[in-house]
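Have the model open while you read.

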2 protein chains.
Amino acid sequence: MSDPIDFYFDFSSPYGYLASLRIDDIAARHGRAVNWRPMLLGAVFKKFGGAPLSEVPLKSDYFLRDMPRAARLMGAPFKWPDPFPFASIAACRAIYWQTDMDPEAGRALARALYHTAFGEGGDIATAKSVVEVAAKVGIDRAAAGAALQDAAVKDRLRQEVEAAMERGVFGSPYVVVDGEPFWGHDRLDQVDRWLETGGW
Amino acid sequence: MSDPIDFYFDFSSPYGYLASLRIDDIAARHGRAVNWRPMLLGAVFKKFGGAPLSEVPLKSDYFLRDMPRAARLMGAPFKWPDPFPFASIAACRAIYWQTDMDPEAGRALARALYHTAFGEGGDIATAKSVVEVAAKVGIDRAAAGAALQDAAVKDRLRQEVEAAMERGVFGSPYVVVDGEPFWGHDRLDQVDRWLETGGW
């Protein structure tokens with residue numbers, strides 16, 4: 001089996017949510033696994049400038065229209081969370097903590113968090129709400145709650161975010177296939193084709 | 001025949017170039033004409049903030065890779081103009097001047113300008129170079145040269161750019177189908193489907 005592909009995303013990114021619904025199937029068709037790597041776009045904006053789409057003049061109006069339209073086209077459930085954008089740091093920490101113990105459980109938690117946020121318009125911005133979602137996928141509440149306060153878990157995320165930025169990850173979703181980067185859920189067909197052909 | 005669709009683009013936008021290679025065919029399949037409406041992204045950046053992709057940290061590296069990759073996937077000739085980005089105001093003026101007299105000749109000139117810039121990596125940044133391209137598609141040099149200095153032509157472009165910004169156009173390419181906006185060459189499949197279905 002070839003190397004896994006890297007799937008970077010921010011839990012507060014609805015286009016990342018759309019990509020999360022397709023990425024595993026695309027990779028599996030080509031015999032690849034996927035490393036789900038949540039990161040913090042806020043750290044990118046702080047270091048390199050930039051702002052969430054929802055705060056950019058003109059673009060924000062477009063984004064509010066394009067996003068649900070893209071979800072409808074995919075037949076994906078979609079509801080804006082309130083507030084939006086939201087802090088995704090607790091969700092990120094939970095994923096690395098869980099993935100380090102059990103990658104499949106980490107992915108299941110990531111899917112559940114994304115579904116809660118954008119499939120149902122629910123809250124995943126606080127440690128408390130992240131623990132609630134974790135409990136739904138069978139993770140122990142007390143363990144999850146403790147992990148979110150754990151300095152080692154916080155450090156783990158900090159390192160992941162640094163590593164992502166060093167690799168040039170600046171948006172969400174951002175997929176890397178054998179060193180080749182693809183930004184945006186609208187590049188997933190290219191990801192599929194790159195996996196199929198080895199590049200063009 | 002239903003209303004024409006509006007195709008907004010900046011001549012300095014290579015993704016606009018890619019869209020220009022497909023937009024007429026897509027529209028024609030659904031019995032629609034296309035209004036080619038060049039505009040100036042610089043005016044958008046000045047009014048609302050923002051910068052060319054080539055000047056945004058991290059994004060610029062990605063852009064330099066994504067753009068030729070997208071062109072190869074389409075089988076489109078592609079070469080970076082030097083310098084890039086370049087001033088597209090003379091090219092814009094030429095298009096509105098020519099289109100007002102003869103829309104088909106205006107489109108032919110727009111195609112020739114885009115091909116020179118991104119198909120061949122040539123220069124279309126000056127009035128002189130725009131006149132050269134115009135001559136190649138059978139437009140009188142002296143008439144074109146005079147038009148580019150004409151205050152009425154300059155005014156015409158100013159009004160078009162203002163109208164585009166009032167409509168919310170913030171990027172290139174930007175296509176409007178029956179009031180529905182689509183930003184990016186990677187939304188052309190959605191444009192095709194919208195024309196087919198009337199929306200979703």
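Q: In β3(A), what is the bridge partner of Asp6(A)?
A: Keep in mind that this is a predicted model. β1(A) pairs with strand β3 (residues 174-177) of chain A in the antiparallel sense, over three bridges. Look across from Asp6(A) into β3(A) and you land on its bridge partner, Val176(A).

Q: Which residue in β2(A) does Phe7(A) stand opposite?
A: β1(A) also pairs with strand β2 (residues 34-38) of chain A, and here the sense is parallel, over five bridges. Within β2(A), the residue opposite Phe7(A) is Trp36(A).

Q: Is strand β1 of chain A largely enclosed or open, and how many of its residues are buried?
A: Take the faces one by one: Ile5(A), Phe7(A) and Phe9(A) are buried on one side, and Asp6(A) and Tyr8(A) are buried on the other. Buried here means under 20% relative accessible area. The strand (residues 5-9) is therefore largely enclosed by the rest of the structure, and its buried residues number five of the five.

Q: Is Ser12(A) buried or exposed?
A: Ser12(A) sits in the loop between β1 and α1 (14-20) of chain A. Leaving out residues up to four places away in sequence, it touches Phe84(A), Pro85(A), Phe86(A), Ser88(A) and Phe118(A). A polar atom of its side chain is 3.1 Å from the backbone nitrogen of Phe86(A). Its relative accessibility is 11%, so Ser12(A) counts as buried.

Q: How much area do chain A and chain B bury between them?
A: The contact involves 30 residues of chain A and 30 residues of chain B. On chain A's side, Leu58(A), Tyr62(A) and Arg69(A) supply 24% of the area buried against chain B, more than any other three residues. Carbon and sulfur atoms carry 60% of the buried area, which for the two chains comes to about 2800 Å².

Q: How far apart are the closest N and O atoms of Glu180(B) and Arg69(A)?
A: The rule finds eight salt bridges across the interface of chain A and chain B. Glu180(B) and Arg69(A) form a salt bridge, with the closest N and O atoms at 2.9 Å.

Q: Which element gives the largest share of the side of chain A that touches chain B?
A: The elements of chain A that give two or more residues to this side are α3 (41-48), α4 (59-74), β4 (180-183) and α10 (188-197). By type, the residues of this side are 17 nonpolar, four polar and nine charged. The largest share is eight residues, and it comes from α4(A).

Terms used:
Residues are numbered from 1 along each chain as its sequence is written. Chains are lettered from A and ligands numbered from 1 in the order in which they are written. This is a predicted model: local features need pLDDT of at least 70, side-chain atom pairs count only at pLDDT 80 or more; totals for chains, interfaces and linings use all residues. Side-chain values use heavy atoms; hydrogens and water are left out. Contact means heavy atoms within 4.5 Å. Buried area is the accessible area (1.4 Å probe) that two parts lose on being put together, summed over both. A salt bridge is a side-chain nitrogen of Lys or Arg within 4 Å of a carboxyl oxygen of Asp or Glu. Helices (H or I, at least four residues) and strands (E, at least two) are DSSP runs, numbered from the N terminus. Ala, Val, Leu, Ile, Met, Phe, Trp, Tyr, Cys and Pro count as nonpolar, Asp, Glu, Lys and Arg as charged, and the others, Gly among them, as polar. Buried means under 20% relative accessible area, exposed over 50%, partly exposed in between (1.4 Å probe, protein chains only). Two strands pair if DSSP finds at least two bridges between them. A polar contact is a pair of N or O atoms within 3.5 Å; within protein, one must be able to donate a hydrogen and the other to accept it, and residues adjacent in sequence count only if both atoms are side-chain atoms.
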